[in-house]
Amino acid sequence: MGYPHEPHPRETLVLSEHFGAADARTYDGWVKRGGYKALEKALAMDPAAVIDEVKESGLRGRGGAGFPAGVKWGFMPKERKGPHYLCVNADESEPGTFKDREIMRWTPHGLIEGAAITAHAIQAETSYIYIRGEFTEPIAVMQQALDEAYARNVLGENAMGSGKRIDMYIHRGAGAYICGEETALMNSIEGKRGNPRIRPPFPAAYGVFGRPTTINNVETLASVSHIINRGSQWYKGLSLSNPRSTGTKLLSVCGQVNKPGNYEVEMGFPLKDLIYDLCGGVPSGTLKSVVPGGSSVPYLTREEVESCLLDYEGCVEAGTMLGSGGVIVFDDSADMVYQTMRTCRFYAHESCAQCTQCREGTGWTVRILERILAGEGEMKDLDLLLDLGEQMTGKTICVLSDSCAAVVMSAVTKFRNEFEAYIKGARRPMLAAV
Amino acid sequence: MHETTTYEPVLTGERREKLEQLLQRYETRRAGVLPALWMVQHARGWISDDAMAEVAEVLDLTPAYVKGVVTFYTMYHQHPVGEHFIQVCTTTCCNLVGAEVVVEALLEQTGCKELGATSPDGKYTVVEVECLGACGFPTPVMVNDDFIESVTPESVSELLERYK
């Protein structure tokens, strides 16, 4: 993974190649490492040609949704009737995910370059990098890199002498997971409460300030310069399983695992190899569960981990999702009921509260779980949790509600014995009486 | 005689100039709300109702609107906090590896009676926060703008040494 440990031989270093190299953060250090050649090349290409190349590469959104980036860019109007915008989603707040922070801390110019290429492709003269408020170091590093990029005429009125204006500004968040949702992010930039918007209209039609807008994740954009440099065919070749999942993914492994950190592997890498080989297994010696996509995806049991391949289709086949690639590991000392409660508490805290199902459902779910943990649960509570989960799925403006539901429903289904132990009094209450 | 304190505006002089320059980046003055609130908090340590009214006036908004924004975002303080504002992540990934024990150690060693309360000497406030995005380096702790990785119950005393 490059930082702070030596890369593992089974990693494929593209985005993380320069993690840990302090001078890679500087303009000169980035140029020395081949930086800004891709931007130069892209600026000489027709925007439509850049979109085609990225479409061909199969690059899919790395923030969690996995939507094909080139296709998303293709939704933008070909004819510019007013301003277009690019928003860089650097709001990284999905529990278990810590890759975008590293990309910004170690290769800020890599992000700037990828974003600038994208801005050119979608004909956006202004880009906002929405960085979550807590990321004080990435904000400082990115601002310094932006200052350098302006000073060296990479950005500005006449980007690299192309005659095109490319402006890029940081917009600092102020503590809201939901602002990582692309429409909430746009509202936050506009100076509003971070409430997601109903779609349609989609951002490409009506985005920030009502203008055509594309929002992309940090890791997605950081991949763009590599695709332009080495070609879409090279990127497509980085695929171990399903041809619809291409390139590399930074997997943020954390929780009860011996060697946590970011690991960059080709799409389709076996999850079990990641855990047992690259990450040295689990402290207690016995794995109980893994959540591979950040917290918003169903739990996998130890058996399901054995056959799960880490790409978009592979994870769906295993009954979960690749999501953001935040791999949270639970060994057999983990209390699945308590941790499910804690995850649901996260969603209850972060709900924007627009939709009744989410606002009431997340809070209610937490209270039921707390009651179970206090030894006051009943068997019918488990049916209630499943019913609640269904009511919270597919019925709201955004999928925070669905995320909470997916966690609870998979927990009750796959670890039912742990819930029953609390309910039947076979396990000592973890919480004080409610 | 009962003395009332008058509110002294924050967004004046250089700060106001900087804000106006920043507003050039956006299509509306409203978009300056988050940056303006950060300026206020940086200057005063928290955001009072008076400050919200000032931001509203500067950006052609209503005080109630600005308050709506302030109450949405968790990083804006609506009342004064300790000199060192300490945030500890206790979301699932950190929770699995002892974040709650770190919280206990911090509460004990800062003298804060409970989460959210400021210590009697006014130096510390400790709160739990949701995922700070450093899950591979548990437990991350923020002290004001400093982001500290890999804090353990054992390293809490050393951490607090740096913030006296």
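Guide: In chain B, residues 24 or more positions apart account for 54% of the contacts with a separation of 6 or more. The model is predicted.

Visitor: What share of the residues of chain B counts as buried?
Guide: A residue is buried if 20 or more other C-beta atoms lie within 10 Å of its own. Chain B has 164 residues. The buried share is 40%.

Visitor: Which pattern does chain B follow along the sequence?
Guide: Its secondary structure comes to 7 helices and 4 strands. Read in order, they give α-α-α-α-β-α-α-β-β-β-α.

Visitor: Which helices of chain B each supply at least two residues of the side that touches chain A?
Guide: The contact joins 32 residues of chain B to 45 residues of chain A. On the chain B side, the classes are 18 nonpolar, 9 polar and 5 charged residues. The helices are α2 (33–44), α4 (63–72) and α5 (92–95).

Visitor: In chain A, which residues of α7(A) make the contact with α5(A)?
Guide: The axes of α5 (residues 99–106) and α7 (residues 136–151) come within 8 Å and cross at roughly 35 degrees. The crossing is left-handed. From α5(A) come Arg101(A), Met104(A) and Arg105(A). From α7(A) come Glu137(A), Pro138(A), Val141(A) and Met142(A).

Visitor: How many residues of α14(A) are buried?
Guide: Helix α14 of chain A covers residues 336–350. From first C-alpha to last it reaches 21 Å, close to the 21 Å expected at 1.5 Å a residue. The helix is mostly covered, and the buried count is 13 of its 15 residues.

Note on methods:
Residues numbered from 1 in each chain as written. Chains lettered and ligands numbered in written order. Predicted model: local features only at pLDDT ≥ 70, side-chain atom pairs only at ≥ 80, totals over all residues. Axes fitted to C-alpha atoms, helices over the stretch in contact; angles between N-to-C directions. Left-handed = near helix turned anticlockwise from the far one by under 90°. Contact = placed C-beta atoms within 7 Å. Expected span 1.5 Å × (residues − 1). Buried ≥ 20, exposed ≤ 12 C-beta atoms within 10 Å, placed from the backbone. Nonpolar A, V, L, I, M, F, W, Y, C, P; charged D, E, K, R; others polar.
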